[in-house]
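Subject: Structure for your attention

Dear colleague,

Please find below the structure that I am handing over to you. I would ask you to keep it open while you read the notes that come after it.

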Amino acid sequence: MRHLAKYIITRILLTIPMVLILLSIVFLVLRIMPGDPVSSMLGGHAPEKVIEQKKQELGLNEPMAVQYVSYLWQVAHLDLGESMVFKQRVTTAIADKLPATIELTACGMIITLILGVFLGAYAADRRRQVQDSMIRLYGIVIYCIPVYWLGLMLQLIFGIWLDVLPIAGRTGPRVFASTFEQTGFYLIDTLLIRDFAAMKDVMIHLTLPAFTLGLTLSGIFIRLTRANMLDVLKSDYIVAAEARGIRHRRIVYRHALKNAFIPILTMMGLQVALLMAGAILTETTFSWPGMGRLLLERIYLRDYPTIQGVIIVFALIVAGVSLVVDIIYAMIDPRIRY
Amino acid sequence: MNYSPASALARVFSSFTSMGKKYGVEWWILVAGAAIVLGIVFMAAFPDIFTPFNPYDQAAGPQLAPPGGAHLMGTDNLRRDVWARIVFGSQTILRVSVLAAIISSMIGISMGLLSGFSGGILDRILSLIMDSVYVFPGLILAIAFAAMFGPGVINITLAVSVIYIPTYFRLVRGQTLSIKQELYVEAARAIGASSTTILWEYIFPNVIATTVVVFTLNVADAIMIEAALTYLGLGLPPSVVDWGMDLAMGKKFLPSGQWWLITFPGLMISLLALGFTMLGEGLAEILNPRLLER
């Protein structure tokens, strides 16, 4: 266990340069970018003097190196600063939008895992048969369908033609989120106050975006599961289990899948980046008030601190998930020692 | 044996043809992918064969006409022909995605070679930067770069190319590290070959073959990222004909049921990405016999 603790500490320390590098790239990109927060806030016709004064106030007239160092100093104190466009702390803006994104990505991930792992295992079991080919074809095709287009088509089919599911927002017009907003995770909030009508409404609104995200990523997981299952199914203990007369289905879905799951778990850490990118696009398609929409809105407004804050949070999520995945990996597989 | 990029490519192509029959399904995936890609490239090269309409013509037909008759895929709200916009839009997406893949492969491969071959502090720093960018969602970086460069075909190409550099870097660096240890490299060093010779004559040809597959899959991904950026309203001025922008425009007419405005551009993006993916998958199977047992 001491090895594990040491490993965790090293990993946490290693995320610092990663976040720093990404932050530096984005900081530089934002400053080189045409336009600035003051002009976008006041419009192009404000008097020169007002613009200059405002820039002075926000510290935009300082040399870039000074701005950079003072921003890093701020971040080192866990302070993301204040928005340059709205009177709002960056942490408040992010805390407001982050739960929506996490709720969406978590539900999407669950759908992906269920679909991907079971279809992949089934395909491996039926290797080189019709079912295998069909599932692999589905995997390739779904991977090539852009998540935003899949979202639009699902909106068209289920929202417009069949008219059974809503196509925008987290709640319907009659459900007031303010009556139950505590954690920001609406599924949990509605459960906490036992408002099941509102919960149903939240779930209905979550269905299409979560399936859009889940379906898109399922292709990768089918592929991963299938490849790992094929390796596992060839191993000696599977042959031994067959010889002992254990039912085939039990061998495939219990014995083999359990062992094939470890590499899948590690890959999950890497897929978080794809999940986040998919979430941004899905949020745009479904008018989902999450981090992706926040990022895009603020890029148009050139709101430097908020954009940097969003990037830091995304980088931390990616680093955090891969850390957790590695720790779980180390715990469930006793052969791995650091 | 004389190793050079040309002979390496020749070997790729000869194995390509001779192993065709051996691979069954994978071969057909490759052929289907190549057919899709060549078809769309042909469409982009000779658009006038495919449509009599001008993609900018705001009097091509009635407003928001459904598919059928003179307008194969209907017309949009500005009375433009959707099929003509599809045909001409293929030029933009192909140009951006292929060029972006070329740029990122050139930068990524040369940096990977240099980093893996020289080692030391340079290798450490480059690896750290590349790894940090690699694990971060590429789309978010592309969004930031697209906003920085402003709208334009070259600008969006650069924004897309930035995010794939680490992919090539990691692949090539890893390969360079292992090839560096090979006996034939040691032999070359023993007979007095210079570092430049070893890098370009011995390591580079062996690395380049594996990047072919990555390049093809990279183009497929770049297609989806390009369309994603323009769908989000970044990267291209409205005067350019582009599938992603048409998709964003068609989105406004989704609630009123004008399905053809979103269906066809999205279908084409998927088809083009599918073509390059199948090409890459097929190539991967054929170039890597170890995968055959799967």
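Confidence

Please bear in mind that this is a predicted model. The predictor gives the complex an ipTM of 0.87 and a pTM of 0.88. In chain A the average pLDDT is 85, and 95% of the residues score at least 70. Among the elements of chain A, the lowest mean pLDDT, 76, belongs to helix α2 (residues 37-42), and the highest, 92, to helix α7 (residues 147-161). Chain B has a mean pLDDT of 87, with 93% of its residues at 70 or more. Among the elements of chain B, helix α1 (residues 5-18) has the lowest mean pLDDT (70), while α4(B) has the highest (93).

Chain A as a whole

Chain A has 13 helices and zero strands. Its C-alpha trace spans about 85 × 55 × 40 Å along the principal axes. Of the 338 residues of chain A, 39% count as buried. Among contacts in chain A with a separation of 6 or more, 74% are between residues 24 or more positions apart.

A:L215 counts as buried because 21 other C-beta atoms lie within 10 Å, and the cut-off is 20 or more. Leaving aside neighbours within four places in sequence, A:L215 is in contact with A:I142 and A:L150. The C-alpha atoms of A:L215 and A:Y300 are separated by 30 Å, and these two residues are 85 residues apart along the chain.

Where the chains meet

How many residues of chain B are in contact with chain A? There are 37, and they are in contact with 37 residues of chain A. On the side of chain B that touches chain A, at least two residues each come from α5 (120-135), α6 (138-149), α10 (195-231), α11 (243-251) and α12 (260-287) of chain B. The largest share, nine residues, is supplied by α12(B). By class, this side of chain B has 27 nonpolar, seven polar and three charged residues.

One residue of helix α12 of chain B is B:S270. B:S270 is buried, since 21 other C-beta atoms lie within 10 Å. Not counting residues up to four places away in sequence, B:S270 touches A:C144, A:I145, A:P146 and A:W149. The C-alpha atoms of B:S270 and B:I223 are 8.8 Å apart, although 47 residues separate the two along the chain.

The nonpolar core

The largest nonpolar core has 168 residues, of which A:V318, B:A142, B:I143 and B:I223 touch the most other members. The largest share of this core, 18 residues, comes from α10(B). Not counting residues up to four places away in sequence, A:V318 touches A:V272, A:A273, A:M276, B:V135 and B:F136.

Does the length of helix α8 (residues 165-180) of chain B agree or disagree with 1.5 Å a residue? The 16 residues of α8(B) should span 22 Å, and the end C-alpha atoms are 22 Å apart, so the two values agree. The buried residues of α8(B), among them B:Y168, B:F169 and B:V172, pack against α4 (82-118), α5, α7 (153-162) and α10 of chain B.

For α4(B), the 37 residues should span 54 Å at 1.5 Å a residue, and the end C-alpha atoms are 53 Å apart, which agrees. α4(B) bends by about 30° at B:F88. The residue that follows α4(B) is B:G119, with a positive phi near 65°.

Two loop residues with positive phi

Most residues other than glycine have a negative phi. A:S287 has a positive phi, near 45°, and lies in the loop between α11 (248-285) and α12 (291-301) of chain A. A:S287 counts as exposed because it has 12 C-beta neighbours inside 10 Å. In chain B, the phi of B:R79 is positive, near 65°, and B:R79 lies in the loop between α3 (47-50) and α4. B:R79 is partly exposed, with 16 other C-beta atoms within 10 Å.

With kind regards

Definitions and conventions: Residues numbered from 1 in each chain as written. Chains lettered and ligands numbered in written order. Predicted model: local features only at pLDDT ≥ 70, side-chain atom pairs only at ≥ 80, totals over all residues. Contact = placed C-beta atoms within 7 Å. Helix = DSSP H or I, 4+ residues; strand = E, 2+ residues; numbered from the N terminus. Nonpolar A, V, L, I, M, F, W, Y, C, P; charged D, E, K, R; others polar. Expected span 1.5 Å × (residues − 1). Bend = angle between axes of the 7 residues up to and from the residue. Core = buried A, V, L, I, M, F, W, Y, C linked by C-beta atoms within 7 Å. pLDDT = per-residue confidence, 0-100.
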